[in-house]
Amino acid sequence: MRLAAAGDAAFFQMVCTEPGVVCLLRNKLMNILLFSLVFNPDNVSTAQIMAGLAEDLQQRGHTLTVITTTPHFHPDASLAAAQPLRPWIGRLIQRSELSGIPVYHIWVPNKSVWPPLRVLSWLWFHFFSVVLALCLRFRPRVILACSPPITIGLAARFAAACLRADYIYNVQELYPDIAVNLGYVKNPRLIACLSAVERAVYSKALAVTSITEAMCAKIRTRTDPAKVVFIPNFVELPPPEALPPDVPHADFVITYAGNMGTPQNLGLLIEAAPFLKGVRIRLIGDGGDKARLLALAQRLGVLEKSVFFEPYRPLSDMPAIYAESDLFYVAQMPEACSDGIPSKIYRILGHRKPLLIATAETADLAQFVRRMEGGVVVSDFSAQTLAHTVESLRTDPARLSRMAAQGYANVSRYYARAAVTEQYDALLRARVRL
């Protein structure tokens, strides 16, 4: 049997589908240490994806331990009740358990703190995550580190060297690219430093995984192309009978739920509101750009008329939010269109809801939505164009139904949780030497 290079996606598809190959690798079990800045019971997409991956790898026979932070992004009372945190070293390090997996939570402040303090909290987390990894009796064969931030890769590299383990680095968002393109980082020396960190993380990684082909293509120009592997995020697929029926409502409801930051380009949707009639826009969540968005809606005269802001809702409320919505808005700033893809789109399509996307014509997000046939894309970043698109969808419910059904069918086929986890499992078994 030919063992393919690390970037050979066809090999991993073969591993996932050929029974003989699966049987050959099935007895290769290992201890896996997961580093992630966010993890269950934090209510954010990456946290839920990493939690699902950990559970599935454990079910496949591996032994998992997780080092993460205390819930600080979107704490969720319902998730915390199911996975309570208990003091382990006082409040500094707490412990919980997810499906039999020990999870260690290092205290960090809420994400809304002063940005420089938030960066310092990352460094705090990295330091204690390495110390904790070295002090635990658990001895991993491989460390799986999920970005952002990119510096978590340095923590994984150092811990792996000390523990004589390998590490795999997962790129959810491409840094420093996204920070530079959005203007968050402008100092040339700092950019050079972050680029050096990026190269250092890639150079010693056993493999570098990322969630889009375009991101993988960029990463291959910065490290050994053979170690770069495309593995998408998965979608939690509720069975059709578990989906709540749509709630009748007078207005056409467009919903955005999640972080309200600059990259999400929510201002474009608010600017379209004055051109819309019979449309209710719901913005659910919080973030650094919320105050500006509130001021924009107030200035345009649409606040509490057609644009409504709501606080974060627990994950358990999401089925009701889907049922109350006709269309979901997901957007990217033009400068950040090639540096990531929002994980929420999988879940939206998995709940049979169509998407309204504002991004560049060539962006991974645009190509994904067209491939899934689950929404429409607006690429000229014009409020009037966006409003015109909304109006065409509002008056064509049959089209909305077709997109919802087709999007659900396609994500069910290509991005189901079991299929994506199987790719990680195959990567681990094929690459890590015991």
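A: Leu356 is found in strand S14 (residues 355-358). Helices (H or I, at least four residues) and strands (E, at least two) are DSSP runs, numbered from the N terminus. The model is predicted, so local features need pLDDT of at least 70 and side-chain atom pairs count only at pLDDT 80 or more, while totals for chains, interfaces and linings use all residues. Residues are numbered from 1 along each chain as its sequence is written, and side-chain values use heavy atoms, with hydrogens and water left out.

Leu356 has a relative accessibility of 0% and therefore counts as buried; buried means under 20% relative accessible area, exposed over 50%, and partly exposed in between (1.4 Å probe, protein chains only). Leaving aside residues up to four places away in sequence, Leu356 touches Leu327, Phe328, Tyr329, Val330, Val376, Val378, Leu386, Thr389 and Val390, where a contact is heavy atoms within 4.5 Å. Leu276 lies 80 residues from Leu356 along the chain, and the C-alpha atoms of the two are separated by 15 Å.

S14 also belongs to the cover of helix H14. The buried residues of H14 (residues 364-372) are Asp364, Leu365, Ala366, Phe368, Val369 and Met372. An α-helix has 3.6 residues a turn, so residues three or four places apart point the same way. Besides S14, the elements over these buried residues include H9, strand S13 (327-331), helix H13 (344-350), strand S15 (375-378) and helix H16 (397-414). Just after H14, Glu373 takes a positive phi of about 60°.

Other backbone exceptions occur elsewhere in the chain. Most residues other than glycine have a negative phi, and most peptide bonds are trans. Arg164, which is not a glycine, has a positive phi of about 55°; Arg164 is placed in the loop between H6 and S7 and counts as exposed, because its relative accessibility is 76%. Glu304 has a phi near 65° and lies in the loop between helix H11 (290-299) and strand S12 (307-310). At 52% relative accessibility, Glu304 counts as exposed. The one from Pro148 to Pro149 is cis, with omega near 0°, and Pro149 sits in the loop between strand S6 (142-146) and helix H6 (152-163). The one from Tyr175 to Pro176 is cis, with omega near 10°, and Pro176 sits in the loop between strand S7 (166-171) and helix H7 (177-181).

Arg222 forms a salt bridge with Glu198, with the closest N and O atoms 2.9 Å apart; a salt bridge is a side-chain nitrogen of Lys or Arg within 4 Å of a carboxyl oxygen of Asp or Glu. Arg222 is in the loop between helix H9 (213-220) and strand S9 (228-230), and Glu198 is in helix H8 (residues 188-204), so the pair, 24 residues apart, links distant parts of the chain. Arg222 counts as partly exposed at 27% relative accessibility, and Glu198 as buried at 3%. By the same rule the count comes to 16 salt bridges.

Side chains of opposite charge can pair when their charged atoms come close. Arg292 and Asp289 form a salt bridge whose closest N and O atoms are 2.9 Å apart. Arg292 is partly exposed, with a relative accessible area of 44%, whereas Asp289 is buried at 7%. A further salt bridge joins Arg313 and Asp317 (3.1 Å, N to O). Arg313 is partly exposed at 24% relative accessibility, and Asp317 is partly exposed at 25%. Through shared partners, salt bridges join Arg282, Glu310, Arg313, Asp317 and Glu324 into one network.

As for confidence, the chain averages a pLDDT of 89, and 92% of the residues score at least 70; pLDDT is the predictor's confidence in each residue, from 0 to 100. Over residues 1-25 the pLDDT is below 50, and this stretch has 36 contacts in the model beyond near neighbours in sequence.
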